[in-house]
Amino acid sequence: MSITHTLFDVSNILGGIVLAIGALGGLANIGSVFTKIAETVEPYKAFFGWMSLIFGVIFLFQPGCAIHDIAGIILGITLLKDELRALPAIGDFLADSGNKLTQWVNPIGIAGLVVGILGLLNWHILC
């Protein structure tokens, strides 16, 4: 496993926690831990969004687990919905897609969290 795969998985985990805090924060015993992590990572969500989006696109064109890559791309688009307008040509489309995805923010965040953890463990059971 390379450092870029590890960074991709960590960005998916942290971005997933930020997105799914509505669902994770209410969990008994560990909800407060997720809330603390989300509050700490929130200022850096754009950074993790870019990492998930860029690495997801790069890894999608390489042999591997496309499910993890697509989940990272969707997570990145959802985290970056406002910042994507600055991209030429495709930025408005991606920003509109991110705005439409916000209604599924908890499932997208949980999916990012799961594929990030599975990626760190090098378990590719979804592939």
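**Entry 1: overall fold**

I take helices as DSSP runs of H or I with at least four residues, numbered from the N terminus. The model I am looking at is predicted. I counted secondary structure first: the protein has seven helices and zero strands. Read along the sequence, the pattern is α-α-α-α-α-α-α. The radius of gyration is 14 Å, close to the 14 Å that the globule rule gives for 127 residues, so the protein is as compact as a globular protein of that length. I then took the spans of the C-alpha trace along its principal axes, which are about 45 × 30 × 20 Å.

Of the 127 residues, 40% are buried. The protein exposes about 6900 Å², and carbon and sulfur atoms supply 70% of that area. Among contacts with a separation of 6 or more, 64% join residues 24 or more positions apart.

In soluble globular proteins, nonpolar side chains tend to be buried together.

Leaving aside neighbours within four places in sequence, Ile 77 is in contact with Leu 53, Leu 84, Leu 94, Ser 97, Gly 98 and Leu 101.

**Entry 2: Asn 12**

Is Asn 12 buried or exposed? Its relative accessibility is 0%, and since buried means under 20%, Asn 12 counts as buried. The residue lies in helix 1. I listed what Asn 12 touches, not counting residues up to four places away in sequence: Ser 52, His 68, Gly 72, Leu 75, Gly 112, Leu 113, Val 115 and Gly 116.

**Entry 3: Val 105**

Val 105 is found in helix 7. With a relative accessible area of 25%, Val 105 is partly exposed. I left aside its neighbours within four places in sequence and found it in contact with Leu 19, Ala 20 and Thr 78. I also checked Val 105 against Ala 23: the two are 82 residues apart in sequence and 9.6 Å apart in space, C-alpha to C-alpha.

**Entry 4: salt bridges**

How many salt bridges are there? The count comes to three.

One of them joins the side chains of Lys 45 and Glu 42, at 3.6 Å from N to O. Lys 45 is partly exposed at 28% relative accessibility, and Glu 42 is partly exposed at 36%.

I found Arg 85 in the other entries of the list. Arg 85 forms a salt bridge with Asp 92, the closest N and O atoms being 3.4 Å apart. Arg 85 also forms a salt bridge with Asp 96, where the closest N and O atoms are 3.1 Å apart. Arg 85 lies in the loop between helix 5 and helix 6 and Asp 96 in helix 6, so this pair ties together parts that are eleven residues apart in sequence. I note that Arg 85, Asp 92 and Asp 96 are linked in a network of salt bridges. As to accessibility, Arg 85 is partly exposed at 41%, Asp 92 is partly exposed at 45%, and Asp 96 is partly exposed at 37%.

**Entry 5: nonpolar surface patch**

Val 57, Leu 60, Phe 61, Ile 70 and Ile 74 make a nonpolar patch of about 440 Å². The elements that give two or more residues to the patch are helix 4 (45-60) and helix 5 (66-79). I checked Ile 70, which lies in helix 5. Its relative accessible area is 41%, so Ile 70 is partly exposed.

**Entry 6: positive phi**

Where does Asn 29 sit? Asn 29 is in the loop between helix 2 (21-24) and helix 3 (31-41). Its phi is positive, about 70°, although Asn 29 is not a glycine. Asn 29 has a relative accessible area of 77% and is therefore exposed.

I also noted Asn 122, in the segment after helix 7 (105-120). Asn 122 has a positive phi of about 60° and is not a glycine. At a relative accessible area of 48%, Asn 122 is partly exposed, because exposed requires over 50%.

Technical notes:
Residues are numbered from 1 along each chain as its sequence is written. This is a predicted model: local features need pLDDT of at least 70, side-chain atom pairs count only at pLDDT 80 or more; totals for chains, interfaces and linings use all residues. Side-chain values use heavy atoms; hydrogens and water are left out. Patches are made of residues with over 30% relative accessible area and no salt bridge: like charges are joined within 9 Å, nonpolar side chains (Val, Leu, Ile, Met, Phe, Trp, Tyr) within 5 Å. Accessible areas come from the Shrake-Rupley method with a 1.4 Å probe; for residues, only the protein chains shown count as cover. A salt bridge is a side-chain nitrogen of Lys or Arg within 4 Å of a carboxyl oxygen of Asp or Glu. Buried means under 20% relative accessible area, exposed over 50%, partly exposed in between (1.4 Å probe, protein chains only). Contact means heavy atoms within 4.5 Å. The radius of gyration is taken over C-alpha atoms; the globule rule is 2.2 Å times the number of residues to the power 0.38.
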